[in-house]
Amino acid sequence: MFVCGGDEGIRTLDPYVANVMLSQLSYIPTNKRFRAKQYFPRKRSVCQTLCFVAAQNVNSGHTFGRKPAAQARRTPTEGRRKAKNTPFLGANILYTDAMENYRDHIPLEETFTLFGPDDAGMTSVLFYAFNTVITLQAFGEEALCRKAFDAARDRCRYFEHVLSRTLPHSDIAMLNAAEGGEVLVRAETYEVLRAAQHYCAESQGCFDITMGSVVRLWNFAEAHIPRPGEIAAALTHVNWHTLELRQEGCEHFARLADAQASIDVGGMAKGYIADKLTAALANLGLENFIVNLGGNAVAHGRKPNGALWRIGVQDPQDKNRVLQGIAVENASAVTSGVYERCFTAQGRFYHHILSTTTGLPVETDVAGVTIVAPKSLDCDGFSTTLLALGIKRGIAFVRQHPEITQAYFVDATNKITSAY
């Protein structure tokens, strides 16, 4: 762990940040280099981690003020690709793009509402992340629950800053902007991308994390339908095999061989995060709790009376209605449906599960599916595939994959068909 001095004390920086700092210098006008709060007014806490070095840096050869001509066109991504060759100069750390990601704005980032404990001893918290409402509920000492919930919120903020496709300084955004270059990524990003390759390979062509070029053409909030030519051009850049990953020591690298390809891990990232939050809460001492990331639920332990947690099979057309309850213990249940993001135009129904071959909403007899498995990542990673395959082929798929405990398919009439 590296330490960086700031204007209000000492902050610790993880090895990833320290590794890329010197290679991604934000060139600051000389007359303002000691006035960090003025130059970066949006995020005071970031400024506290700055260490503007005076005489030491003059001797080390680092340039302040105007960018040297040779570096004027160097992008943050290029700096990140060269990070592994950058020497670490002790305390002479400068503000870099590696820390910029924590300045990206997240909607309702400060929202955090705590409830309880209630008469049964359950403490709950609600906050906003990943464009959805996060709910955590636990039985245990109030102080322990509060500590664990605070830690969970911090981890969610970290993962959103790292894995978001839309936040400009996330690992995913930097990879998409690299135009075929290799990018240094965090270990968590590497794990998600490695897992994504597995789910793509298993999906029978129904799931591809390089659908980003197609997905961004659609706007389901504004009922925008892209032109056929736009879709056809974007589909030429959909091929998950173009994602290349490698590890060198404790460093992780990713590259899109197709410079126009675009990664979107939204189809599985919440499952990965739910598993990480579950492990974190358990490591902090909580034994009986439930994590709900807006459709991705993990139940750990039991209720104080010995009863199992129950997770509902949601009505695909009404998020406030449950069709059936599922008893689970130390397992995850993930619900996904075509009605999550959709619109109707000229008498046709459009939903957000897009075909990897046509770029249009996939034709399926599944309105919604709830998957149960020990790992939330497996639930999330296979959910798109099961929706696209349809009920008959989806059931066959589940029975061929023992990591899936059960799956409940809901059709347009709300009839439920289970895999077993």
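## Contacts of Ile-263

In this predicted model, Ile-263 touches Arg-165, Ile-172, Leu-175, Asn-176, Leu-193, Ile-209, Thr-210, Leu-243 and Leu-256, with residues up to four places away in sequence left out of the list.

## Nonpolar cores

Ile-263 also belongs to the largest nonpolar core, which has 75 residues. Together with Leu-193 and Phe-409, Ile-263 touches the most other members of that core. Helix 7 (residues 142-163) supplies the largest share of this core, nine residues.

In soluble globular proteins, nonpolar side chains tend to be buried together.

An open sheet is built from nine strands in the order 3-4-5-9-10-13-16-17-18, with antiparallel pairing. Strand 3 (112-115) and strand 18 (416-418) each have a single partner strand, so these two stand at the edges, and one side of each lacks a neighbour in the sheet. On average, neighbouring strands of the sheet are turned by 15° against each other, direction ignored.

Strand 13 (residues 331-337) and strand 16 (residues 368-373) run antiparallel and are joined by six bridges. Ser-332 has Ala-373 in strand 16 as its bridge partner.

## Helices on the sheet

Helix 7 lies across strand 3, strand 4 (122-129) and strand 5 (132-139), and runs at about 15° to strand 4. Helix 12 (residues 269-283) also packs on the sheet, where it touches strand 5, strand 9 (288-293) and strand 10 (296-300). The direction of helix 12 makes about 155° with that of strand 9.

Methods:
Residues numbered from 1 in each chain as written. Predicted model: local features only at pLDDT ≥ 70, side-chain atom pairs only at ≥ 80, totals over all residues. Heavy atoms only, no water. Core = buried A, V, L, I, M, F, W, Y, C linked by side-chain atoms within 4.5 Å. Buried < 20%, exposed > 50% of the residue type's maximum accessible area, 1.4 Å probe, protein only. Helix = DSSP H or I, 4+ residues; strand = E, 2+ residues; numbered from the N terminus. Contact = heavy atoms within 4.5 Å. Pairing = 2+ DSSP bridges. Axes fitted to C-alpha atoms, helices over the stretch in contact; angles between N-to-C directions.
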